Amino acid sequence: MRGRMEPEPDLELLLQEARESIEAAQSYRRELGQRLQGLQAARRQIKESASQTRDVLRQHFNDLKGTLRKLLDERLVSLLQEVDAIEQETIKPLDDCQKLIEHGVSTAEDLVREGEVAILGGMGEKNEKLWNFTKKASHIQLDSLPEVPLLVDVPCLSAQLDDSILTIIKDQIFNHGTVASRPPVQIEELIEKPGGIIVRWCKVDDDFTAQDYRLQFRKSTSNHFEDVYVGSETEFIVLHIDPNVDYQFRVCARGDGRQEWSPWSVPQMGHSTLVPHEWTAGFEGYSLSSRRNIALRNDSQATGVLYSSAPTYFCGQTLTFRVETVGQPDRRDSIGVCVEKQNGYDSLQRDQAVCIGTNGAVFVNGKEMTNQLPAVTSGSTVTFDMEAVTLVTTNNDDAGNFKLRVTISSNNREVVFDWLLDQSYVSLYFGCSFFYPGWKVLVF
């Protein structure tokens, strides 16, 4: 009896399933390859860090041995010099006494010889020689003897050496240094900024109490790390970053009540693709830094708004102004953002601009808002955040209006409002105006 024949599978369906299986296998192979690369990187990190740690330990203890040997030699020389000084100081009186005694012995010997000659002389000369000898002897104090100190009255040098120092040093040495498998802090996030990178780090060891942190960076082509921050914060913006250049960052910490720093975190690579913000050069009333990101209001009588060199602020970014120094405030002072450069204005308190005055007043298109921020002081940071909300259309104009949600923050306070523009703008200018000298503003 013939069995039922299986239905012949669709060739296209089989080909499709085969292709999908091949793609899945290729994707799986790629994923496994990436994990193998990750394992190799992890293995390399362990091996390299172990090798570096060995080198550091050997170098440190060799340096320590050299330093200890030098210190011991210096102490030995100091003690030997002290022995020499005591010896010389206390021997001198004995030398003087010895000279006095030797002089007395010589005098006595001369006197004995003269006396013997006088006694043995002839009768004619004897009386005269005896008289001269007796006269000479009477002028010599033969009963005056110098005092020689007793041994208990002169120094008897000795060295007092406390062997307990060996125990103290031994305990210190046996407790000196530790080997950590992981550093107590690691870099958590790198955020690109125009001309800078925000570095954030965090503790990864719950048992470690950090007192200070130390952040370093270097170009990927450099062999030398530079300190850029030491303090208690867990975030810092590193400025003067060249765009599209890779930088390495690392951080360490100092435990509470300790002097030494912890091991460094694993270095993290970061870069910024954003064009640095710059002030316009050549404006008479302001002096700029070499990178043109710091503007100082000088003594010039010229007035007006100092604008950015280009519209480099984009919605969705955070624009930050840090006031380094302050001068005399004026109600017309302003720091803010505008649609375009407009010469002839003394302030950004005008149409098509939003700004904050040094007194904390907030202006939108030249109108002062009811809400106000704290007055700007030295060290104040003012930030602008803008987000495109919607395109508001009108019946008469098909183009409509463009609405931005603006947040201005300063001194832990913020105001939020909508800024209505007559069209959509991809990027905006920033600017500042001060009527008195002394104001210095950094933008990033």
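Reply: Let's start with the whole chain: its domain assignment, whose bounds come from an automatic or database source, gives domain 1 (26-179), domain 2 (185-271) and domain 3 (286-443). This is a predicted model, in which local features need pLDDT of at least 70, side-chain atom pairs count only at pLDDT 80 or more, and totals for chains, interfaces and linings use all residues. Residues are numbered from 1 along each chain as its sequence is written, and side-chain values use heavy atoms, leaving out hydrogens and water.

The centres of domain 1 and domain 3, taken over C-alpha atoms, are separated by 76 Å. For residues 183-276, the unreviewed UniProt entry lists "domain: Fibronectin type-III"; such annotations may be inferred rather than shown by experiment. That span is 0% helix and 53% strand, and its end C-alpha atoms lie 33 Å apart. Helices (H or I, at least four residues) and strands (E, at least two) are DSSP runs, numbered from the N terminus.

Now to Trp264, which sits in the loop between β6 (247-255) and β7 (268-270). Trp264 is partly exposed, since its relative accessible area is 26%; buried means under 20%, exposed over 50%, and partly exposed in between, using a 1.4 Å probe and protein chains only.

What does Trp264 touch, not counting residues up to four places away in sequence? The residues are Pro183, Arg214, Gln216, Arg250, Val251 and Cys252, where contact means heavy atoms within 4.5 Å.
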